[in-house]
Amino acid sequence: WNLSKLNYLYLGGNKFTGSLTSEIGQAFVSYLLLDRNQLTGMIPKQIYNLTKLNYLYLFNNRLEGRIESQIGKLTKLFGLYLDHNQLSQGIPSEIGQLTSLRWLGLDNNQLTGSLPSEIGNLKFALLL
């Protein structure tokens, strides 16, 4: 993918299949909206290099694996929706570094453990 000049990528509500390519980490997008598809596999670690990202919508797919601690690098995120997937393990404490976050959707996954206390750093975030 050559997304070097793209700011907004919205491909939600389709029937895309397969996994997210690691090349997604080379994009300069502020909005990455791939919700309501049939994407599988893990969230590529390269996605955590998208430090200009304001909105990440990956909800209603079939993504699995864990939310990596590198999520804390996405400090400009305003909306993070990973709900309705098959994500497992715990919520990393680094999520508390997302101080710009206002909307967080993690429901309907297979997450385990307790909520990290750092989630209290998310001022005014709506936890869904």
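Visitor: Why is F59 called buried?
Guide: F59 has a relative accessibility of 17%. Buried means under 20% relative accessible area, exposed over 50%, and partly exposed in between, with a 1.4 Å probe and protein chains only. The value for F59 is under 20%, so F59 counts as buried.

Visitor: What kind of model is this?
Guide: This is a predicted model, in which local features need pLDDT of at least 70 and side-chain atom pairs count only at pLDDT 80 or more, while totals for chains, interfaces and linings use all residues. Residues are numbered from 1 along each chain as its sequence is written, and side-chain values use heavy atoms, with hydrogens and water left out.

Visitor: What makes Y57 and F59 a tilted aromatic pair?
Guide: Rings of Phe, Tyr and Trp (its six-membered ring) pair if their centres lie within 6.5 Å; planes under 30 degrees apart count as stacked, over 60 as edge-to-face and the rest as tilted. The centres of Y57 and F59 are 5.8 Å apart, with 50° between the planes.

Visitor: Why is the pair of Y55 and Y57 called edge-to-face?
Guide: Y55 and Y57 lie 6.1 Å apart, centre to centre, with 85° between the planes. That angle is over 60, so the pair is edge-to-face. Y55 is itself buried, at 17%. Ring pairs link Y55, Y57 and F59 into a cluster that also includes Y8, Y31, F78, Y81 and W103.

Visitor: How do you know that D35 and R36 form a salt bridge?
Guide: A salt bridge is a side-chain nitrogen of Lys or Arg within 4 Å of a carboxyl oxygen of Asp or Glu. For D35 and R36 the N to O distance is 2.8 Å, so the pair meets the definition. The structure holds one salt bridge.

Visitor: Are D35 and R36 buried, partly exposed or exposed?
Guide: D35 has a relative accessible area of 2% and is buried.

Visitor: Why is G113 called exposed?
Guide: The relative accessible area of G113 is 77%. This is over 50%, so G113 is exposed. G113 is found in the loop between strand 10 (110-111) and strand 11 (126-127); strands (E, at least two residues) and helices (H or I, at least four) are DSSP runs, numbered from the N terminus.
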